[in-house]
Amino acid sequence: MTVNKELIEKIRRKIVSEKGDLINRIYYEEGAGLLIEVSRGNLREIAYYVHEILDTYLRTVAGVDERPIKGVFSAYYVFGLDGYGLNIIVVTHMPPEDPKLPSITDIVPSADWYELEMYDLLGIRFSNRKLYRFVLPEDWPEGVYPLRKDTPYNIRPKPVKSQKQVLSGPRIPVGPYHPALHEPEYFELYVEGERVVDVEYNGFHVHRGIEKLGESRFTYQQVPFLAERICGICGFVHSVCYTQAVESAAKIEVPERALFIRSILLEVERLHSHLLWIGVACHLLGYDAGFMHAWRIREKTMILAELLTGSRKTYGINLVGGVKKDINNDKINATMKTIEWVENEFKKLVEVITSIPQIVKRAKGTGILPRSDARKLSVVGPVARASGLKRDVRKDYPYAAYKYVSFKVPVYSEGDNLARLLVRVDEVFESINIIRQLLDQLPQGPIMSEEIEIPENAIGVSSVEAPRGEDIHFVITGKDNKLYRWRVRAPTYQNIPALKVMLKDAPLADAPLTIASIDPCFSCTDRIQVVDLSTGKRRTISFKELQRYNICPRCGL
Amino acid sequence: MNKMKPLKLLDIARKTGVVTIRYPDKPPLITSEFRGRIVIDASKCIGCGACVNICPSNALTIKETYDKRIINYFIGRCIYCGSCADVCPVKAITITKDFELATENIKDLNNKVVHYKVVCCRCGSERHAPENMIKFVIRRVPVAETYAHMATNCKKRKFVEGMLHGRGMLYVEAK
Ligand code: SF4
Ligand code: SF4
């Protein structure tokens with residue numbers, strides 16, 4: 001991260017002069033940001049100050065069991081000061097016998113999930129809010145906290161009987177999972193006639209305990225392969241984000257050529273991801289011809305990725321300190337050719353897609369997320385940009401080789417599904433443009449730094465603009481060539497809560513596209529269960545029956 | 001005019017033609033860089049375990065018995081990252097382009113490289129390292145030849161004896 005030292009000093013002095021009496025310690029850590037240590041009594045006031053007065057947004061929160069090294073539990077609240085590209089990290093400690101914090105969800109609504117997660121995984125309690133089982137399965141016993149250091153990573157506690165109550169009222173569950181697609185999710189849409197009145201989200205069905213694995217079983221250079229498997233679409237984003245976090249914690253200088261290669265691959269990944277999304281959006285709207293052509297174009301980007309890395313997905317070439325595989329002249333030429341072809345074909349296709357009245361009409365004005373809600377919920381990526389927030393990590397917190405290229409950040413103010421579609425369409429062209437510039441400037445030199453030494457107890461924060469928004473990794477380095485703490489926050493984590501706003505009071509038929517418009521996964525859309533609560537019968541409806549229910553047979557809702 | 005625009009897709013489709021490749025009748029679409037299954041050349045492998053150490057997914061494991069050292073490659077866990085090939089000191093591992101690895105017999109997924117450990121040249125009972133490893137060491141450090149065939153304990157003993165001898169504190173018993 002390259003942040004102006006004077007600016008940091010200015011902000012530091014401002015904070016000290018205005019809130020100095022509430023702060024225990026304030027210091028700048030190069031790989032992470034400006035750290036503010038507060039006692040838990042002052043947490044709410046400082047959170048309010050940082051969030052509202054300094055006008056930041058909550059990027060991630062990491063709860064850490066620091067008992068073995070500092071004798072306390074800690075929580076790191078990472079706020080982002082976009083204009084300066086600076087992280088402001090509010091740290092608070094809790095005594096081991098009483099891990100409790102005041103909730104800040106009324107001040108920062110997007111803290112909701114983070115608090116629930118800390119409660120579930122670390123056993124930190126929060127006052128003034130409702131706490132409930134969130135990540136862990138319902139049959140997980142009380143009092144076993146997976147992320148505590150005294151819990152082994154391979155623990156398998158005996159399941160207990162779950163006591164979840166069933167809610168009353170008509171509801172349509174969407175989900176939880178489709179074997180052919182990634183990331184199961186489960187939505188319960190509460191409806192009145194055709195109108196959605198409320199949405200419940202129930203996720204984490206595939207919580208794999210990756211953070212714990214990375215902290216306990218994997219070494220620094222093995223974690224990139226694990227990180228790559230967090231997501232089946234934007235895996236490289238996670239591995240870059242992880243390696244950058246460790247590199248910034250350990251202050252490792254990565255050779256420029258490696259940075260360029262990382263950026264090129266990140267953009268290739270964005271191309272395939274956006275083309276995939278555009279295809280699926282067409283499919284959801286019943287325009288399968290568009291779906292097939294979008295994927296036909298996408299296929300070329302997949303082959304390109306294989307040519308550059310050795311694999312279509314999970315590229316497996318990223319390590320702490322650089323990359324494993326170089327790009328030669330033949331590959332540069334092949335890449336240039338492919339992106340030119342993709343650009344031409346995609347241009348033609350977009351012209352067609354945006355002229356189809358069914359698509360435009362169904363996307364326009366549906367699933368609206370107003371700008372104010374977008375800011376309050378700290379949404380990221382195309383969702384934020386379609387709601388008028390110019391938020392793009394590539395510009396705000398420059399990493400890899402993005403500072404060497406010029407590109408536009410497309411912003412739309414409508415906040416509807418069409419705007420989200422158009423943001424992605426524009427970004428495809430921007431990505432092509434970026435790849436071209438990077439290939440033109442590709443510097444010579446090594447692709448792996450020679451000296452890699454990782455000190456203990458260093459903090460690193462890094463973010464990468466994934467196709468679906470900002471991805472953040474927070475690391476604390478540890479002993480024995482292993483991480484002490486690894487916190488991953490994927491973009492959808494920030495965006496799903498916004499669905500509540502988008503879906504509310506909207507017609508049921510728009511729900512699939514709206515859910516899809518944040519680009520989570522589509523696993524939820526083609527299996528529907530209708531629950532008759534009076535008899536408790538549950539059955540899956542066939543396409544024919546769906547038609548009788550007046551639900552679109554094609555998209556499934 | 002605008003109403004006719006969607007029909008442009010027909011034109012695109014006609015020009016593009018069929019893009020689906022009739023796999024498996026036709027060869028698969030893989031590039032020159034594709035990483036598939038790995039193959040360990042048993043004659044080159046020295047059983048050092050570097051590949052086992054780096055393997056992120058535990059596809060490679062090592063088993064040590066009294067007289068054998070076995071490197072096992074279980075394809076079912078392999079993520080085709082190629083890290084093992086990068087670290088192998090003798091380049092015994094090659095990355096192939098095979099990816100059609102489905103089988104009805106799980107045994108096909110386990111590939112073993114078995115190294116027999118050599119008997120100590122001094123005590124004649126203890127076994128310490130595979131033959132290939134010893135050759136490798138001697139090739140790299142020729143002076144090691146006197147020690148290389150010796151088991152760990154014998155090496156220690158020989159070292160101590162050598163030192164004592166040098167200081168005139170040990171006498172070779174007359175036969
Ligand atoms: S390719 Fe990767 S996963 Fe497979 S055996 Fe080698 S190191 Fe292990
Ligand atoms: S394959 Fe190579 S790295 Fe693995 S044990 Fe044999 S010599 Fe060592």
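Guide: Start at B:Ala129, which sits in strand E6 of chain B, a strand that covers residues 127-130. Keep in mind that this is a predicted model. B:Ala129 has a relative accessible area of 10%, so the residue counts as buried. Set aside the neighbours within four places in sequence. B:Ala129 then contacts B:Tyr116, B:Lys117, B:Val118 and B:Ile134. Now compare sequence and space. B:Ala129 and B:Ile46 are 83 residues apart in the chain. Their C-alpha atoms are 9.2 Å apart.

B:Asn132 belongs to helix H4 of chain B, residues 131-140. Is B:Asn132 buried or exposed? Its relative accessibility is 19%, and the cut-off for buried is under 20%, so B:Asn132 counts as buried. A polar atom of the B:Asn132 side chain lies 2.7 Å from the backbone oxygen of B:Cys45.

B:Cys48 is partly exposed, at 35% relative accessible area. B:Cys51 is buried, at 10%.

Ligand 1 is the next stop. Here 14 residues form the surroundings. The closest are B:Cys55, B:Cys78, B:Cys81, B:Gly82 and B:Cys84. By class, the ligand 1 shell holds 11 nonpolar residues, 3 polar residues and no charged residue. What of disulfides? Over all chains, the structure holds 0 of them.

Two backbone details in chain B deserve a look. Most residues other than glycine have a negative phi, and most peptide bonds are trans. B:Asn58 is not a glycine, yet its phi is positive, at about 60°. B:Asn58 lies in the loop between helix H2 (50-54) and strand E2 (60-64). At 33% relative accessibility, B:Asn58 counts as partly exposed. The other detail is a peptide bond. B:Tyr23 and B:Pro24 are joined by a cis bond, with omega about 5°. B:Pro24 falls in the loop between helix H1 (8-16) and strand E1 (38-40).

Finish with chain A for context. Chain A has 18 helices and 17 strands. Of its 557 residues, 61% count as buried. One of the buried residues is A:Glu117, at 8% relative accessibility. A:Glu117 lies in helix H4 of chain A, residues 112-122. Its side chain makes a polar contact of 3.4 Å with the side chain of A:Arg487. Beyond four places in sequence, A:Glu117 also touches A:Leu122, A:Phe134, A:Val135 and A:Tyr493. A:Ala400 is buried too, at 8% relative accessible area. A:Ala400 is in the loop between helix H14 (393-396) and helix H15 (417-441). Its phi is positive, near 40°, in a residue other than glycine.

Note on methods: Residues numbered from 1 in each chain as written. Chains lettered and ligands numbered in written order. Predicted model: local features only at pLDDT ≥ 70, side-chain atom pairs only at ≥ 80, totals over all residues. Heavy atoms only, no water. Helix = DSSP H or I, 4+ residues; strand = E, 2+ residues; numbered from the N terminus. Buried < 20%, exposed > 50% of the residue type's maximum accessible area, 1.4 Å probe, protein only. Polar contact = N/O pair within 3.5 Å; in protein donor to acceptor, adjacent residues only side chain to side chain. Near = heavy atom within 4 Å. Nonpolar A, V, L, I, M, F, W, Y, C, P; charged D, E, K, R; others polar. Disulfide = S-S within 2.5 Å. Contact = heavy atoms within 4.5 Å.
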